[in-house]
Every structure is written in C-alpha cells, then in structure tokens.
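The following note sets out numbered comments for a colleague who has the sequence and the coordinates at hand. Each comment takes up one part of the structure.

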Amino acid sequence: MAAVIIPNTKIPIKTRISYAWAEVKRNKVSYMFLAPYALIFTVFTVIPVLVSMGLSFTYFSILEPPKWIGFQNYINLLLDDEVFLIALKNTFLFAAITGPIGYFAALFFAWMINELPPKIRAIMVVIFYAPTISGQAYIIWNTLFSGDAYGYIHSMLIRFGIIYEPIQWLTDPSYMRTAAIIVVLWMSLGTGFLSFIAGLQSIDNTLYESGYVDGIQNRWQELWYITLPSMKPQLLFGAVMSITSSFAIHEILVPLVGFPSTDYAAHTVVSHLVDYGNIRFEMGTASAIATLLFIAMVGTNWIVQRLLRKVGN
Amino acid sequence: MVKVRIRLKQRKPNRSLSGDITNIVILIFFGLFFALPLIYAISNAFKPLDEIFLFPPRFFVRNPSLENFQDLFILMQQSWVPFSRYILNTVFITVVGTVGHVVVASMAAYVLAKHKFPSRTLFFSIVVASLMFSYHVTAIPSYLIMSFLKWIDTYYAIIIPQLAYSLGLFLMKQFMEQIPDSLLEAARIDGASEFRVFWQIAMPTVKPAWLTLVIFVFQNLWNTTGGTYIYSEELKTLPFALQQILAGGIARAGVAAAVALLMMTVPITLFIITQSNIIQTMTTSGIKE
C-alpha cells in the first residue's frame, strides 16, 4: 500500500522489486494461506476468463484458429442485431423484477423462519429450499402451465368461469414472460436464502436483549436497528448472488418456453450467448456477449453495494 | 402452542401474539407452495407406468407401487461396468471435492478477512467479479488448459477446479469478517500458531457458514456428469450412468421418476443434518465480542 504514496518515476526498478519482495516476506504466512486457492483460481478461472475476453475481439469458429477483427463483434451486436436488443430488453426486465423481489423474499422468509422454534425451523428451511435442491423439479410448472388438455391452471380458470378458452401460457408472447417470472421467483430461495439463514443464526443474542433495554418496541424496529446491521456481510453476499442469477436466466426457460421462444419474447442475453456459442459455434460473438453481460453485472453490483452500505443508518 | 410462545418470549422480548400467528399462517401458506416439487417427486416415483400417462392427469398417486424402483434395479444390473462403480465414483468425487473446497476456500477467506497485506482487496474483488462471467464461454479455454496439463479423463479435471469455486471464498470471507479480532488476538498471545488460530478458533466460530457451504458444493459435485472431461466408462459418474438409463425415452418415464427421487434423497438428507447442526450452534453461541 505504501508504494502508492511514493512517486513511481524516481525509484529504480531494483529498489522497487526488493521493496515488494520484503513486503511479501513480511506477510509470508498470509500468502501461504492464500496460495493454494490463488493458484487454482488463477489457472482455472482467471486465465479462461481473460482468454474469452480476448476471443471477443476475434472471429473464432472453433474449427479454424481465431482471426483478429477488433471491435466488429461488439459493433454487430449493438448496431446490427435486432434479436440481441430484444434479449437485452428482456434480460433487464427479468433482472429488474426477479432480482429485487427474489432478494427481499429470501430475506423475508429467512427472517420469518428464524422466529420459529429450532426443530420446526430446520424442517421449514428444507421445505423452502426444496425447489432449488430437487434438481429439475421446476418441470412440473410445464404441466401446470401447459396449453393443452393437461394444463391445470387454465382448466381451473375455465371451471371458475374466469376465461372461456384455453390460453397458451408458454407459447403466447404476451403471457410467456409472466409465466417465466413466476417460475424464476419460485426458485429464488437459493444461495442467498441459506446464507441469510446462517447469518441470522450467527447474531449474538445479547444484542437483542440490550436493544430491548434501549427501548426497541417491535419486531420491525428490531429488524432495522439490530438484525440487518448485524448481517451486512450476508446482505452483500445475497445481493451479488441475486445479481448473478437474475441477469443469467436461461436454463429454466428452455424446458418452459422453448429455445428459441416464440418471437424471441423471452429470449435473454444468455440465451443469445448459448445460441451463438453452442449452436452456431461463433465463439467470438458469444465471448463478446459474455463480456457485455459481465460489464452490466459489475456495474449493477457497484450500485447495489453502495445502496446496501446505508442499511440501518 | 403456549409452551412455544414462552420459549420465544424468553429469547426475544419484542413479540406480539398476533404477529406470531400471522407469521405462522404466512409460512404455512407459502410452505405448501414451495413444497410442491418434493410432494410431486415423491408421488410420481410411486406411480405405476399407466398412471404416469393417465388422462386427465393426477397430482397424487392412486395405487402406489414399487414397480419403478424394481425396473431401475433390473436396468442397473445390465450396465457395462458394475453399477456400484458409478456410485463409488460419485461418492469419491463428492467427498474429496467438498472437504477440499471447504478447507482451501476457508484458509484463503481467513487471511483475506483478518490479515492486512498488499493486494488483498484487489484479489477479493477479482474473485467476486469472476462470479459474473458466463461459464458457457470459458468451457473451451478450460478444456485447453486441462489437456495441456494432461488431466483429461482424470478426476483432477473435476475436483481441482472445484477447490477454488469463487462462491465458497466469498461466503466464508463474509462470515470471517464478523469474528471479533480480540478473540483471535487472545489465542495468538497464548502462543497458538496461525494455522491453529484458524482451525481451532476461526472455523468453529463460523460453523453455520461452512455447514451452508458444504450444501452448495455437495449439490454441485453430486450432480456432476463429468461432462466433457471423463471418457473412460469405469470413471463415469452416477448422474451420467442414470442419464444413459433414461435415454430409453418415454418407456423409461417411470424409472426416471424413481431416479429423480433417489438422486434427491442424498443431498436432502445431508441438508437436514447440516441445518439441524446450524441450529444447535445457534443455541449455544453466536458470535460474541
């Protein structure tokens, strides 16, 4: 850190290297703890990501070696590709709805479950986490939303006289996104939810007692002044998880609305990426899409982290 | 009910009876909604084949039978290598990978949260940012790295990258941050080595965190098919072998339901065990200054 203060130009490289080396030696233990993770992480995550970012400036069909084409992939995507713009719009729509709602639902349910007596609490956590842990169970939504005679939802609506003919929930562009959002929200109690549960368990109980003495009157005040500030690290973690999942919705959509969906009505950026990467084998374009999505997520994360710092103030 | 309320009242004073009741009603209502897949999976696995394709469809099983499970065991006996081999492979990958990841990621998280050294914030930001890059496009570079290391068709290709799963470090670091420095300092003054401070003070304090992490990693590895990296039949995993059985199509729909239920059972059992342990630590401790 001190190196930043000293102007770089005046110090010979040798001194700087020996300074850095002395710093490494002083923190030997820290680096040894970090080394196994750092090594594996660099080789299997950082390098592949950097290579992909590099590939986004090339034409790469997997069969021939990549050809450098500069910003052409980005230009094509943003100016020439109507489907990409639809995908972008859908992704922001999905992220803006499922991200915040999913996040607050996870927090809310975790908090409510935490009020229960221990044994019931463990059972409730399992039930609420069920959609995530039971693999491809979301396929049952296909049956519920099905547009043919098997569909539960429209058969019920017809029986109650709300609608008079079957609705193609999953193929009609005007209903498709809503159906998809419902299923995504239903599955949103995942990683963030469990980290909230664990975070709530780690809060020191004496804080609540002293809060009571200090005049906190109900569970809402307690939530805002004690619980949330005590679990800020988990709130940040949950926010990042919400961003990464809500911007990258794709796998759920494939069995539900098909791939590609009618009129691309539920086509997302990741759908577009998979289309280019795994179907057309244009890895250059796919990498450019991944890089754009990455920038969007990092930007959103930056804003959200700033908002979360204000919790409990 | 009265007993429950007294206990709640002892633990947390700011509670009204009406609030508690509303809470329970809401949880039961949404609980039913979220429990849907579990109920459906269990009910489906016991449906005989004719009932799976019944019209109009039924949510619950009418004549439960073990037919699907029997069919599955017959199919298992016909596999190329003994079926127990697939089970053993998956158990091996899952156990080694989960334990390895929790140790490697927690060690890194510990120093990132509790030591001050140059470039630690930068490193942590890179780890968090890496969660936001689509894994779809890194598949090819990853494959090239594996083949350069000559790790194709070995378990290294599956287990080693999992050890540095970004999510684990992020989660552990967030919890480690909350450990009071005074607690660690006290142990250091008593002459404990840094590794002992980490292993005997830090790790027990953040037990809820790594019990949660175990679930995430276990789920990942338990469902891994080996994908593009494993080619030898005797190294293939359980999910892969089961996929092969299900490739029989519509005639195997009953078996598929049995498979889905069996594959779910192990992570759910582990989940229940870890969750009840998290709750035990809660009643005894909590992070105290």
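1. The crossing of helices H3(A) and H7(B) is right-handed. The model is a predicted one, and the remarks below should be read accordingly.

2. Which residues of H3(A) and H7(B) meet? From H3(A) they are A:Val43, A:Phe44, A:Ile47, A:Pro48, A:Val51 and A:Ser52. From H7(B) they are B:Pro141, B:Ser142 and B:Ile145. By class, this contact of H3(A) with H7(B) has 7 nonpolar and 2 polar residues, with no charged residues.

3. Chain B has a domain 1 spanning 2-72 and a domain 2 spanning 75-284. The centres of these two domains of chain B, taken over C-alpha atoms, are separated by 28 Å. In the contact between them, 13 residues of domain 1 of chain B face 11 residues of domain 2 of chain B. At least two residues of the domain 1 side are supplied by each of helix H2 (17-45), helix H3 (49-52) and helix H4 (67-77) of chain B. H4(B) gives the most to that side, with 5 residues. The domain 1 side that touches domain 2 in chain B comprises 8 nonpolar, 2 polar and 3 charged residues.

4. Chain A is likewise assigned a domain 1 (1-55) and a domain 2 (72-308). In chain A, the C-alpha centres of domain 1 and domain 2 lie 36 Å apart.

5. Helix H5 of chain A (residues 82-114) and helix H13 of chain A (residues 232-247) have axes that come within 8 Å and cross at roughly 145 degrees. The crossing of H5(A) and H13(A) is right-handed. H5(A) contributes A:Thr91, A:Phe94, A:Ala95, A:Thr98, A:Gly99, A:Gly102, A:Tyr103, A:Ala106 and A:Leu107 to the contact. H13(A) contributes A:Gly238, A:Ala239, A:Ser242, A:Ile243, A:Ser246 and A:Phe247. The residues of this contact between H5(A) and H13(A) comprise 8 nonpolar and 7 polar, and no charged ones.

6. Is helix H10 of chain A buried or exposed? Of the 11 residues in H10(A) (residues 191-201), 11 are buried, and the helix is therefore largely enclosed by the rest of the structure. Among them are A:Phe193, A:Leu194, A:Phe196, A:Ile197 and A:Leu200, together with A:Ser195 and A:Gln201.

7. A:Glu165 lies in the loop of chain A between helix H8 (152-159) and helix H9 (173-186). A:Glu165 counts as exposed because 6 C-beta neighbours are found inside 10 Å, whereas A:Gln201 is buried. The two residues, A:Glu165 and A:Gln201, are 36 residues apart in sequence, and their C-alpha atoms are 50 Å apart in space.

8. The backbone has some points that a reader may wish to inspect. Most residues other than glycine have a negative phi, and most peptide bonds are trans. In this model a cis peptide bond joins A:Phe259 and A:Pro260, with omega about 0 degrees. A:Pro260 is in the loop between helix H14 (253-257) and helix H15 (269-279) of chain A.

9. A:Asp263 is placed in the loop between H14 and H15 of chain A. A:Asp263 is not a glycine, yet has a positive phi of about 55 degrees. With 13 other C-beta atoms within 10 Å, A:Asp263 is partly exposed.

10. In chain B, B:Asp153 has a positive phi of about 65 degrees, although B:Asp153 is not a glycine. B:Asp153 is located in the loop between H7 and helix H8 (156-163) of chain B. B:Asp153 is partly exposed, with 15 other C-beta atoms within 10 Å.

How values were computed:
Residues numbered from 1 in each chain as written. Chains lettered and ligands numbered in written order. Predicted model: local features only at pLDDT ≥ 70, side-chain atom pairs only at ≥ 80, totals over all residues. Domains from an automatic or database assignment. Contact = placed C-beta atoms within 7 Å. Helix = DSSP H or I, 4+ residues; strand = E, 2+ residues; numbered from the N terminus. Nonpolar A, V, L, I, M, F, W, Y, C, P; charged D, E, K, R; others polar. Left-handed = near helix turned anticlockwise from the far one by under 90°. Buried ≥ 20, exposed ≤ 12 C-beta atoms within 10 Å, placed from the backbone. Axes fitted to C-alpha atoms, helices over the stretch in contact; angles between N-to-C directions.
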